[in-house]
Amino acid sequence: MSKKPKKPSSKELRWAKHVASKQHDPNHLPPGAVRADHEKLSHINTYGELPNYYIDRPFVCRDCGIEQIWTAKQQQWWYEEAKGHIDSFAVRCRECRQKRKENNKK
Ligand SMILES: [Zn+2]
């Protein structure tokens, strides 16, 4: 059984957008940010700088058009545990990703 993902409330979305739109002092973590572990990001070779931390990122799902938040925790997992590429970015919500996975299996 998979848990139904919680849809972000408009308040959460507003807040995430507010945080995401600000320029941050890299030495001062914004509220809700998760610090990045550069040792775990060694698979990433980028000409840019590695992130010092992750913040919740609001995005609109490409398939269903619902606004979602890619949380700092999920980004940490994606980049540091799943070894995701730094340029890859959430474009679909969890439900739509699962639907696509199932369709690909067929
Ligand atoms: Zn979706």
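## Basis

The model is predicted, and local features are taken from residues with pLDDT of at least 70, side-chain atom pairs count only at pLDDT 80 or more, and totals for chains, interfaces and linings use all residues. Residue numbers start from 1 along each chain as its sequence is written.

## Overall fold

The protein has three helices and four strands, in the order α-β-β-β-β-α-α along the sequence. Helices (H or I, at least four residues) and strands (E, at least two) are DSSP runs, numbered from the N terminus.

Of its 106 residues, 12% are buried. A residue is buried if 20 or more other C-beta atoms lie within 10 Å of its own, exposed if 12 or fewer, and partly exposed in between, with C-beta atoms placed from the backbone. Two residues are in contact if their C-beta atoms, placed from the backbone, lie within 7 Å. Of the contacts between residues at least 6 apart in sequence, 56% join residues at least 24 apart.

Strands β3 (57-60) and β4 run antiparallel and are joined by four bridges; two strands pair if DSSP finds at least two bridges between them. V60 has E67 in β4 as its bridge partner. Six residues separate the two strands of this hairpin, and G65 in the turn has a positive phi of about 75°.

C64 also lies in the loop between β3 and β4. C64 counts as exposed because it has 12 C-beta neighbours inside 10 Å. Leaving aside neighbours within four places in sequence, C64 is in contact with C93 and C96.

## Helix α2

Helix α2 covers residues 72-81, and A72, Q75 and Y79 in it are buried. Viewed down the helix axis, the buried residues fall within an arc of 60°, so they line one face of α2. The arc is that of the directions from the helix axis to the C-beta atoms. What covers these buried residues includes β1 (34-35), β2 (53-54) and β4 (67-70).

The face turned away from the buried side carries the exposed residues K73 and E81. Just after α2, K83 has a positive phi of about 55°.

## Helix α3

Helix α3 (residues 94-105) has twelve residues and should span 16 Å at 1.5 Å a residue; its end C-alpha atoms are 17 Å apart, which agrees. The expected span is 1.5 Å times one less than the number of residues. The number of buried residues in α3 is zero, so this helix lies largely in the open.
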